[in-house]
Amino acid sequence: MMDNLILHKNKFSIFLVWLFHVSALVGITLGQQEWFVTKTPLNLTVMLLLFLWVYPMDTKKKYGAFLLFMMLGMFAEWIGVHYGVLFGSYAYGANFGPKLDGIPYLIGVNWALLTFATAAITKKIVATSIAKVILASLLMLVLDFLMEHTAPLFDFWTFEGGLAGWWNYICWFLLAAILQLMLHLFKITGNFRFSLHLYLAQCVFFGYLYWYL
């Protein structure tokens, strides 16, 4: 009975993940870009709630790690935005939700969410600890690369002089690796199937827009 409930919960959550992302792609393709892009905070919030529901986030250690990664992500972004030391010189736009001193709360959520999801994926793919950390960091980097193309077009964030440079990707990978190593040391595990679908849905979404726009 409990196994069936968990299975149905996973299926429903995965269905919603793809429904939100595919609907946005169709809407943007049909010319409703502004309406869908302004709903980005809603989409990310729904993904967060689904993640908290099915990962599952069932211990204080998991919540503590998630909040820690969120704060570390926001702090790194704060350094980047205000000093240009990390990632390059850039600023956040209006479509990533409420901000704290210029840094959207949801960018911190995104750092934590991606760290947890990619870690869950790599635990099923590779065996050694170093391989898990490297592969998960690379998965995070791939998604960042795809997002960078649409970010200025959607008023997510804009780099001085245009698109992000090579320094952005180096720092992204290094920060991702630090978070992945911390998560590995915390010995936190979660839902592989949901994490995989969430990651793939975002890759399909931003990959399509990378090609389409």
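Q: At what angle do helix H5 and H8 pack?
A: Helix H5 (residues 105–122) and H8 pack at an angle of about 120°, and their axes are 8 Å apart (axes are lines fitted to C-alpha atoms, for helices over the stretch in contact, and angles run from 0 to 180 degrees between N-to-C directions). That makes H5 oblique to H8, since under 35 degrees counts as roughly parallel, over 145 as roughly antiparallel, 65 to 115 as roughly perpendicular and the rest as oblique. This is a predicted model, in which local features need pLDDT of at least 70 and side-chain atom pairs pLDDT 80 or more, while totals for chains, interfaces and linings use all residues. Residues are numbered from 1 along each chain as its sequence is written, and side-chain values use heavy atoms, without hydrogens or water.

Q: And which hand is the crossing of H5 and H8?
A: The crossing of H5 and H8 is left-handed, meaning that the near helix is turned anticlockwise from the far one by less than a right angle (clockwise is right-handed). Leu113, Leu114, Ala117, Thr118, Ala120 and Ile121 of H5 meet Phe192, Ser195, Leu196, Leu198, Tyr199 and Gln202 of H8, with contact meaning heavy atoms within 4.5 Å.

Q: What classes of residue make up the contact of H5 with H8?
A: There are nine nonpolar, three polar and no charged residues (Ala, Val, Leu, Ile, Met, Phe, Trp, Tyr, Cys and Pro count as nonpolar, Asp, Glu, Lys and Arg as charged, the others, Gly among them, as polar).

Q: How do H5 and H7 pack?
A: H5 and H7 pack at an angle of about 65°, with axes 10 Å apart, and H5 passes H7 in a right-handed crossing. Among the residues in contact are Trp111, Leu114 and Phe116 of H5, and Trp172, Leu175 and Leu179 of H7. The contact of H5 with H7 has nine nonpolar, three polar and no charged residues.

Q: What about H6 and H7, how do they cross?
A: The axes of helix H6 (residues 129–150) and helix H7 (residues 166–186) come within 8 Å and cross at roughly 140°, and H6 and H7 are therefore oblique to each other. H6 passes H7 in a right-handed crossing. The contact includes Val133, Leu141 and Phe145 of H6, and Tyr169, Trp172 and His184 of H7; its residues divide into 13 nonpolar, five polar and two charged.

Q: Changing topic, what lines the largest pocket?
A: The lining has 21 residues, of which Ala24, Phe36, Lys39, Thr40 and Asn43 lie nearest the centre of the pocket. Helices H1 (2–29), H2 (33–37), H3 (40–54) and H8 (192–212) each supply at least two lining residues, and the largest share, five residues, comes from H1. By class, the lining has 14 nonpolar, six polar and one charged residues.

Q: Where is the cis peptide bond?
A: A cis peptide bond joins Tyr55 and Pro56, with omega about -5°, and Pro56 sits in the loop between H3 and helix H4 (60–83).

Notes
Helices (H or I, at least four residues) and strands (E, at least two) are DSSP runs, numbered from the N terminus. On a 1 Å grid over the protein atoms alone, a cavity is a set of points where a 1.4 Å probe fits but cannot get out, and a pocket is an open set with protein on both sides within 12 Å along at least five of seven lines; lining residues have an atom within 4 Å of a point.
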